[in-house]
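Reader: I have just opened this model and I'd like to go through it slowly with you. Could we begin with how its parts are arranged?

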Amino acid sequence: MLRLVVACSVLRGPLAFRDSVPKSSPPRRVAPWRRPRAFMTATLDSVDAAFLEAEAFKEEDEEERAPAATSRAREWFDGALAAAGGARESAAEADQVHVHHVQCGVRRDGEFRSRAISDGAAVGRVAVEAEILGPHARFDFLGLQLGAGDQNLDLRTALRHTAGDAESVQDIRNVAGERAKLTFKGRIAVPVTGQKTNADQICKSLLLDDGATVNAMPSLEIVADDVKCTHGATIADLDEEGLFYLNSRMLSEKDARKLLLKAFCYDIVQRTDLLPPATVDRLDAKLSQLTV
């Protein structure tokens, strides 16, 4: 278990956490579960930090390698934070099972930004639980899932506006091709103490093939009577008028589809700090796979 306690006047990032999975010796017969845990707390006057979590899988002999499974948990609790955020990128092998769970509490005047990109595991789930604990706090979450082949990817958020006079923003993008199954389930709860809450949640999905599936389930549970909360979900194929326009500008069908896909996804990617070039290259390769 990794425990990070920050107690100073000023912290400025970035910080990076990278798990390295060594080659198995002796060969694995049964897929092992790895359960890394981390607890991070900050009690500071000023924070402007970003955290990147990534996994690096070392090469193994294909005959010796068995599918592995990872269950990961992160807990964040902040004090008077100016800004704190985390970027999670999943670069698991194609036969990996990956479960990632984040919990955070945002107090007065704090802001927590979280970005999740899931595109590598055969079966993956990212779950984010957050609670607004003080006025003028802000929760900002962006999520991107890219699925192809037989991937099964799941993204879930649960946000509770316990304190009033605060805001939250959630923007989720899904791209499902071939036989992939993608799921988003998001819940925003506003109890009677959450007056003057401003919360937005939107999930946009592209369904590229008949065999692919997207399940989008945003929800609101509101008890307070002085709030501004919105949620919504859209599922569609690529815009036909956009494809026609690009084709008329001498782009091939494949290039036009890739350009529209990239524009859809990179609206999230460009707002994600700390992504290494290798991750961007991997995402480009995945988009090329989805436009074959």
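Predicted model: local features only at pLDDT ≥ 70, side-chain atom pairs only at ≥ 80, totals over all residues.

Reader: OK, and at what angle do the axes of α1 and α2 cross?

Author: Helix α1 covers residues 240-248 and helix α2 covers residues 253-269, and their axes cross at roughly 130° and come within 9 Å. Helices here are DSSP runs of H or I with at least four residues, numbered from the N terminus, while axes are lines fitted to C-alpha atoms over the stretch in contact, with angles from 0 to 180 degrees between N-to-C directions.

Reader: Is that crossing of α1 and α2 left-handed or right-handed?

Author: The crossing of α1 and α2 is right-handed, meaning that the near helix is turned clockwise from the far one by less than a right angle.

Reader: Which residues make the contact?

Author: From α1 they are G242, L243, L246 and N247, and from α2 they are E253, A256, R257, L259 and L260, where contact means heavy atoms within 4.5 Å. Five of these residues are nonpolar, two polar and two charged (Asp, Glu, Lys and Arg are charged, Ala, Val, Leu, Ile, Met, Phe, Trp, Tyr, Cys and Pro nonpolar, the others, Gly among them, polar).

Reader: Changing topic to α3, which residues does α2 meet there?

Author: In α3, they are V280, L283, D284, L287, S288 and L290, which meet K258, L261, K262, C265, Y266 and V269 of α2. That contact has eight nonpolar residues, one polar and three charged.

Reader: And at what angle do α2 and α3 cross?

Author: Roughly 145°, with the axes of α2 and α3 (residues 277-290) coming within 10 Å, and this crossing is right-handed.

Notes. Residues numbered from 1 in each chain as written. Heavy atoms only, no water. Helix = DSSP H or I, 4+ residues; strand = E, 2+ residues; numbered from the N terminus.
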